[in-house]
Amino acid sequence: MDPVAILIAFLKIFLVFNVLMGAVAFMTWVERRVSGIIQYRLGPNRVGPWGLLQPIADGIKFIQKKDIVPDDAYVPFYLMAPALAVVPALFAFVVIPFGPEVVLFGRKVPLVILDMDGGLLWGFAATALGVYALVLAGWASRSKFSLMGGLRSSAQMISYELPLVLSIVAVVLMAGTLRPTEIVAQQAGWFWNWNVCKGIPFLGFLLFTIAGYAETNRVPFDLPEAEGELVAGYHTEYSGMRFAAFFMAEYVNMMTSSALGVTLFLGGWQLGFPVALEGWPLWALQIGAFVAKVAFFQFLFVWVRWTLPRFRYDQLMNLGWKGLLPVSLVNLAATALLVTFDFNVTR
Amino acid sequence: MIDPRLVLILSTVLFALGAVGVLLRRGAISILMCVELMLNAANLAFITFARLRGGPEAQIYVFFVMTLAAAEAAAGLAIVIALFRLKGTTDVDEINLLKW
Amino acid sequence: MDAFAFYVLALLTVASALVVVTHRNPVVSAVALAFNLVSIAGFYVLLGAQFIGLLQVLVYAGAIMVLILFVIMLLNLAEELPPVKVAGTFQRVLAPAATLTFAVVLGRALWRDTPATLPPASEGFGTAAVLGRELFTRYYYPFEVISLLLVVAMVGAVLLAKRKLT
C-alpha cells in the first residue's frame, strides 16, 4: 500500500466526515429559521448574526446536562443505542460520489470513499442496520412509551424499505450497474439526461422521496416520536448528549437519503448543461452542483415537515403496504417493459 | 493469505455451537435463532467451496439458502406467536398436547 | 493483512455465537446473532463474494433479525430458565458430547480434503452480474419456485398469526 493512496483515502474520509457533521449542525439552524419563515415569525436570531451560532449554543447546552441513566434500564444496550444510531448513518455515505474524477498529487482520484461493485447495496445495508438502534433504545429504556415508540418506528422503517428499494431497482434496471460512479456517469450531458426524466418520468423519484421521508422518521411520518403522542417515542428516556446523538443520527440519515436521491435521480455531481471549462474550475463547479442539489433536497425535507400534518400510525402503514408498494411494483414492471423496447431509457 | 481449511473449521465450530443450542435451549425463539446460526455456518462453508471451485454455483445455493431461511423464520415465528397465544409461554417443554 | 482480518473476524464470530447459545435473555441472544451475521458477512467479503456479503447484511441482519427481535419484544419474553427437568443433567452432558464427536469427525474430513491455499478468484467472482446471469439462465426454475415459496410463506405467516375474531 503506497502512502500517497493512504493519505488520499484519509483526506477523503476526513473531508466527508467533517462536512457531514458541520452540515448537521447547520441543518438545525436551517430547520428553525425556515420553520420560522413558514410560520410567519422569526427563528433564532439572538446568538450571533442571524442566529448562526445557535447550533454551538445548543451543543454547549447538551454537553453540560446531567447524565441520567434510568434505574431499571438494561445498561449495555441503553448506552450502545445512540452510537448504534449514528454509525450506520455515517457508513451509508461512504459509497456516494460527491465529485468527478479529479487529479490530485499527480494521480486520478474518484471523489468517492469506497468505489465497489455493489455500492448501492452498501447504502441500503447500512440504512437497514440503523433500525437496531431504535429497537434497542426502545427496549432498553424499560418504559412502555419507549417500547411502543421503538417498535412502531422500526416497523415503519422496515415497511418503507420495500418501496424504497423497489424504486431503486427500476433505476438500476435502466442503468445496468450497481456502481454509483457509473450511474452518475451515465447521466452526463444536458439535464434531461438525468434519471428522473428516464423510464416513467418522476414516478420513481416521487416514490423514493416519500419512502425516504418515512425511512428517516420525518413528518408526515413522525408519529412514533411526536410529542403528545408517545412523549418522545424511543428516545423518551434519553437526555443530554445521548439525545443529541439520536438527533444527529436523524439528520445524517436525512443527508444520506438526499445524497442517494441526488445520485440516483438528479444526476449526482453532473452540471446538467455543458460548460467550456477544464480541470479544477470545472471540478469545483461540479462539487458545488452536488452540494446545491443535496441542499435543495434537505430544504424540501424541512418544507414538507412544516407544511403537512402527520399521519396516524395505521394510515401510515396502510400507505406503505397498500399504496406505495403496489405503485413501486407497477413502476418496476413498466420500466422493465420500457427497457425491453428501449424507449426513453437511453444508456 | 487465508487458509480455507481454517474457514471450514470455523464453520464446523459454528455449526456445533448452533447444534448444542438447539438441543439445550428451552425457548422456541432461541431454538430458532440457533437454527439460523447453523444455516449460516453452512453458508460460510458454501462460500468457501465456491471460492475453491471457482464457479458461481455455490453462491447461487447460498442465495437460495438465505431466501429459504427468511421464509422459514417468518413462518416459524408465526407459529411461535400462535403457540404463545394458546399456552402463554414459549417453553418447548410445555408444548406437549399430543403426548400420551 | 488478510490473515489479521481473518483472525479478528473469527474471534468476533465465535464470541457472538457463544453469547447466542448461552445467554439467558433472548433479546441479548438476538442482538448477538445480528452481530454474528454481520461478521460472517465480513468473511464473505474477505473470500471475495461481495454481493452475497452485502445481501447477507441487507436481508439476514437487516430484516430477518429485526423480525425476530420484534417478536421477542412483542411477546415480552422473560429470561429463559436452564433445563431443570429430570432429564436435564443427562441432556446437558450428552448434547455437547454428541455434538463434539460429530464436529471432530466433520472437521477431520474437511481438513484432509481441502488445499491449504486459496486459488485466485475467477473473473467477476463476487459480482452481481455473474450471479444474475446464472440465476436467470441455468437456475431459472428454482428462482421462480422460490418466489412462489416466499408468497406461500407470507400467506402462511399472516394466517397463522392472525387473531381469530370470535
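Domain bounds are those of an automatic or database domain assignment. On that basis, chain C is divided into domain 1 (1–82) and domain 2 (128–166). The C-alpha centres of domain 1 of chain C and domain 2 of chain C lie 23 Å apart.

The structure is a predicted model, in which local features need pLDDT of at least 70, side-chain atom pairs count only at pLDDT 80 or more, and totals for chains, interfaces and linings use all residues. Residues are numbered from 1 along each chain as its sequence is written, while chains are lettered from A and ligands numbered from 1 in the order in which they are written.

Confidence was examined for chain A. It is expressed as pLDDT, the predictor's confidence in each residue, from 0 to 100. The mean pLDDT of chain A is 87. In this chain, 96% of the residues reach 70 or more. Confidence in chain A is lowest in strand E2 (residues 107–111), with a mean of 82. It is highest in helix H11 (residues 313–340) of chain A, at 92.

Secondary structure was assigned from DSSP runs, numbered from the N terminus: helices are H or I runs of at least four residues, and strands are E runs of at least two. Chain A has eleven helices and two strands. Along the sequence, chain A reads α-α-α-β-β-α-α-α-α-α-α-α-α. The radius of gyration is taken over C-alpha atoms, and the globule rule is 2.2 Å times the number of residues to the power 0.38. For chain A the radius of gyration is 21 Å, close to the 20 Å that the rule gives for 347 residues, so chain A is as compact as a globular protein of that length. Its C-alpha atoms fill a box of roughly 60 × 50 × 50 Å along the principal axes.

Burial was scored from C-beta atoms placed from the backbone: a residue is buried if 20 or more other C-beta atoms lie within 10 Å of its own, exposed if 12 or fewer, and partly exposed in between. Buried residues make up 44% of the 347 residues in chain A. A:Gln64 is exposed, with 9 other C-beta atoms within 10 Å. A:Gln64 sits in the loop between helix H2 (54–63) and helix H3 (75–91) of chain A. The C-alpha atoms of A:Gln64 and A:Ile96 are separated by 35 Å, and these residues are 32 residues apart along the chain.

Chain B has three helices and zero strands, in the order α-α-α. The radius of gyration of chain B is 17 Å, well over the 13 Å that the globule rule gives for 100 residues, so chain B is more spread out than a compact globule. The C-alpha trace of chain B spans about 50 × 25 × 25 Å along its principal axes. Buried residues account for 52% of the 100 residues in chain B.

Two residues are in contact if their C-beta atoms, placed from the backbone, lie within 7 Å. Among contacts in chain A between residues at least 6 apart in sequence, 77% join residues at least 24 apart. The corresponding value for chain B is 48%.

Of the two pairs of chains in contact, chains B and C share the most contacts. Their contact takes 74 residues from chain C and 59 residues from chain B. On the side of chain C that touches chain B, H4(C) gives the most, with twelve residues. For composition, Ala, Val, Leu, Ile, Met, Phe, Trp, Tyr, Cys and Pro count as nonpolar, Asp, Glu, Lys and Arg as charged, and the others, Gly among them, as polar. This side of chain C divides into 57 nonpolar, twelve polar and five charged residues.

The contact between chains A and C takes 19 residues from chain A and 17 residues from chain C. H4(A) gives the most to the chain A side, with six residues. That side comprises 16 nonpolar, two polar and one charged residue. Chain A and chain B do not touch, and their nearest C-alpha atoms are 14 Å apart.

A nonpolar core is a set of buried Ala, Val, Leu, Ile, Met, Phe, Trp, Tyr and Cys residues joined through C-beta atoms within 7 Å. The largest such core has 160 residues. A:Leu136, C:Met65 and C:Ile68 have the most contacts inside it. Helix H3 (residues 50–74) of chain C contributes the largest share, 16 residues. Domain 1 (1–82) and domain 2 (128–166) of chain C both give residues to this core, so the core lies between them. Leaving aside neighbours within four places in sequence, C:Met65 is in contact with C:Ala30, C:Leu33, C:Ala34, C:Leu37 and C:Tyr60.
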